[in-house]
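Good morning, and thank you for joining this meeting.

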Amino acid sequence: MSEGIEGKVVLITGGGVGLGAETARHLAARGARIAVAARRKDKLDAVVAEITKAGGKARAYPLDVTDKHQVKAVVDAAVADFGRLDVIVNNAGLMPIRPMIEVNTDEWDAMIDVNLKGVLYGIAAALPIFVAQDSGHVINISSVAGTKVFAPGGTVYSGTKFAVRAISEGLRQEIGGKIRVTSIEPGAVDSDLKYSTTSAARATVMDFYKIAIPAASVARAIAFAIEQPADVDINEIVLRPTAQEF
């Protein structure tokens with residue numbers, strides 16, 4: 001895998017809004033060729049239009065990351081359209097904050113399906129391609145809640161993000177060599193994630209996000225990991241607002 005960002009093909013799940021969309025725009029401005037995938041096609045089309053208007057290259061792919069067959073189809077389509085895949089950013093995520101005593105198993109299932117299985121499906125689809133071309137970079141979006149349990153309210157969310165962090169490290173140990181793995185662990189970031197909460201905790205969540213840093217901050221961290229020489233693997237980046245205590 002070549003050094004730098006220019007010319008690399010990057011697939012970003014959850015790429016229609018927030019962190020995913022900002023990362024797409026930032027990497028495209030650095031010369032990457034971008035594949036954005038998410039459920040809302042209109043949002044994806046807007047991101048692609050913005051990138052292409054600025055002279056970049058991008059394509060949109062409708063995707064539900066909870067469907068492993070869709071994930072594989074999108075990865076394969078991106079490879080067919082761009083000729084290769086250099087980086088996958090497993091970014092799609094949900095964060096419904098709610099005390100466990102309310103036993104909202106539907107939200108638990110949703111977080112496991114999107115935050116955890118969605119990451120695994122992305123890895124499963126991209127890894128054989130990376131192995132075949134002897135290069136590649138898996139970037140998984142975890143959270144500061146994957147380094148310290150966010151409770152009460154975020155226990156299951158933390159569980160999924162701890163798992164993403166563990167899977168990232170295990171994957172690094174297993175594949176190593178020429179395939180890189182990075183876990184990005186942001187704190188409060190201005191994105192749509194905060195709107196996942198519909199419980200009585202919503203007001204608390206929104207108040208917490210008043211100190212949020214812009215999504216561009218995380219996009220730059222992702223770019224930093226990608227642009228390193230091929231023999232440098234940035235495995236973990238934790239970033240948060242300076243004022244954030246958690």
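I begin with a term: helices (H or I, at least four residues) and strands (E, at least two) are DSSP runs, and they are numbered from the N terminus. With that in place, S199 can be located in the loop between β7 (189-190) and α6 (202-208).

Two remarks on the source of the values are needed. This is a predicted model, in which local features need pLDDT of at least 70 and side-chain atom pairs count only at pLDDT 80 or more, whereas totals for chains, interfaces and linings use all residues. Residues are numbered from 1 along each chain as its sequence is written, and side-chain values use heavy atoms, with hydrogens and water left out.

Let me turn to the protein as a whole. The protein has seven helices and nine strands. Its radius of gyration is 17 Å, close to the 18 Å that the globule rule gives for 246 residues, so the protein is as compact as a globular protein of that length. That radius is taken over C-alpha atoms, and the globule rule is 2.2 Å times the number of residues to the power 0.38. Along the principal axes, the C-alpha atoms fill a box of roughly 50 × 40 × 35 Å.

How much of the protein is buried? Buried residues make up 51% of the 246 residues, where buried means under 20% relative accessible area, exposed over 50%, and partly exposed in between (1.4 Å probe, protein chains only). As for contacts, meaning heavy atoms within 4.5 Å, residues 24 or more positions apart account for 70% of those with a separation of 6 or more.

Is S199 buried or exposed? S199 is buried, with a relative accessible area of 9%. Leaving aside neighbours within four places in sequence, S199 is in contact with I97 and R98. The side chain of S199 reaches the backbone oxygen of I97 at 2.6 Å.

The next residue is D233, which lies in the loop between α7 (215-227) and β9 (236-239). D233 is partly exposed, at a relative accessible area of 26%. Apart from neighbours within four places in sequence, its contacts are R172, I179, R180, V181 and T182. The side chain of D233 reaches the backbone nitrogen of V181 at 3.3 Å. There is also a polar contact between the side chains of D233 and N235 (3.1 Å). A polar contact is a pair of N or O atoms within 3.5 Å; within protein, one must be able to donate a hydrogen and the other to accept it, and residues adjacent in sequence count only if both atoms are side-chain atoms. D233 and G177 are 56 residues apart in sequence, and their C-alpha atoms are 9.7 Å apart in space.

I close with backbone geometry. Which residues does a cis peptide bond join? The bond joins A151 and P152, with omega about 5°; P152 is found in the loop between β5 (136-141) and α5 (155-175).

Positive phi values come next. V103, in the loop between β4 (87-90) and α4 (105-133), has phi near 40°, a positive value in a residue other than glycine. V103 is exposed, with a relative accessible area of 52%. D134, in the loop between α4 and β5, has a positive phi near 65° and is likewise a residue other than glycine. At 42% relative accessibility, D134 counts as partly exposed.
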